[in-house]
Amino acid sequence: MSKDVKNVAAAPRRGGRRPGSSVTRQAVLEAARSRFSQDGYAAATIRKIAADAGVDASLVIQFYGSKDALFAAAMSLSPTALTHLSQAFDGPPPTLGERVTNAFLDLWEGESQVSEPLLAMLRAAISNDQGAATLREFIQTRLLEQLSPKLPDGHDAAARAGFAAAMLIGIVVGRGIVKVPVLVGTDRESVIRLVAPAIQAVLVGV
């Protein structure tokens, strides 16, 4: 048992009536997504997440059992979150790179309920095995296995989709996590204009 969980187990419970379990679970998940996104996996403790959600830390453990389990639950994305990206692969091949780049930025830099879990995965993957495993599974099963069949026929479709995803994730890391000034200061339209031809070349070769 981790030190964090041991301390939580020994913590006194707050008085008062707790809200309904479904509402509380949702509050914990939202707090966890935000905290993991801001702090990364290692620094986001059960106590901090519980405080953000306004509940006892012991209740978080009761719901999820461990920080690893909470992280996995918080990082889960509904299938609709990837619909826009998947649809970007449908359409005329000559504009595929532009559509995919635009959709990828929508996913990673768009609405907070979608972008925060993804950014949290990136932060966690840098310093934590669980975070790296979660991001690896996301890329493999939620991106490559779903999207590579939509590419033009070829034995290397999965590899092409993988390298394109890696390139775009690198851009997200530079803009959203490392915050390289020149990348942060580049507006989205310029990012698409500069990056889309490279993504086009990787995905379809033209």
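**Entry 1: Glu109 and its partner**

I looked up Glu109 and found it partly exposed, with a relative accessible area of 30%. I keep in mind that this is a predicted model. The side chain of Glu109 meets that of Arg175 in a salt bridge, 2.9 Å from N to O. I then checked where the two residues lie. Glu109 is in helix α7 (residues 96-109) and Arg175 in helix α10 (residues 157-177). They are 66 residues apart, and the pair links distant parts of the chain. Arg175 is buried, because its relative accessible area of 13% falls under the 20% limit.

**Entry 2: other salt bridges**

How many salt bridges does a search of the whole structure find? I noted six. One of them joins Arg35 and Asp39, whose closest N and O atoms are 2.9 Å apart. Both residues sit in helix α2, four residues apart, so about one helical turn separates them. Arg35 is buried at 17% relative accessible area. Asp39 is partly exposed at 28%. I also traced a network of salt bridges that links Arg35, Asp39 and Asp52.

Next I turned to Arg160. Its side chain meets that of Asp156 in a salt bridge, 3.1 Å from N to O. Arg160 is buried, with a relative accessible area of 13%. Asp156 is partly exposed, at 32%.

**Entry 3: aromatic pairs**

I went on to the rings. The count comes to three aromatic pairs. Phe36 and Phe71 have ring centres 4.8 Å apart and planes at 85 degrees, so I logged the pair as edge-to-face. Phe36 belongs to helix α2 (residues 21-43) and Phe71 to helix α5 (residues 67-75), so the pair ties together parts 35 residues apart in sequence.

What sits over the ring of Tyr64? I found the charged end of Arg25 there, 5.5 Å from the ring centre.

**Entry 4: Ser86**

My last stop was Ser86, in helix α6 (residues 83-88). Ser86 has a relative accessible area of 19%. Buried means under 20%, so Ser86 counts as buried. Leaving out residues up to four places away in sequence, Ser86 touches Leu147 and Lys150.

Definitions and conventions. Residues numbered from 1 in each chain as written. Predicted model: local features only at pLDDT ≥ 70, side-chain atom pairs only at ≥ 80, totals over all residues. Heavy atoms only, no water. Phe/Tyr/Trp six-rings, centres within 6.5 Å; stacked < 30°, edge-to-face > 60°. Helix = DSSP H or I, 4+ residues; strand = E, 2+ residues; numbered from the N terminus. Lys NZ or Arg CZ within 6 Å of the ring centre and 35° of its normal. Buried < 20%, exposed > 50% of the residue type's maximum accessible area, 1.4 Å probe, protein only. Contact = heavy atoms within 4.5 Å. Salt bridge = Lys/Arg side-chain N within 4 Å of Asp/Glu carboxyl O.
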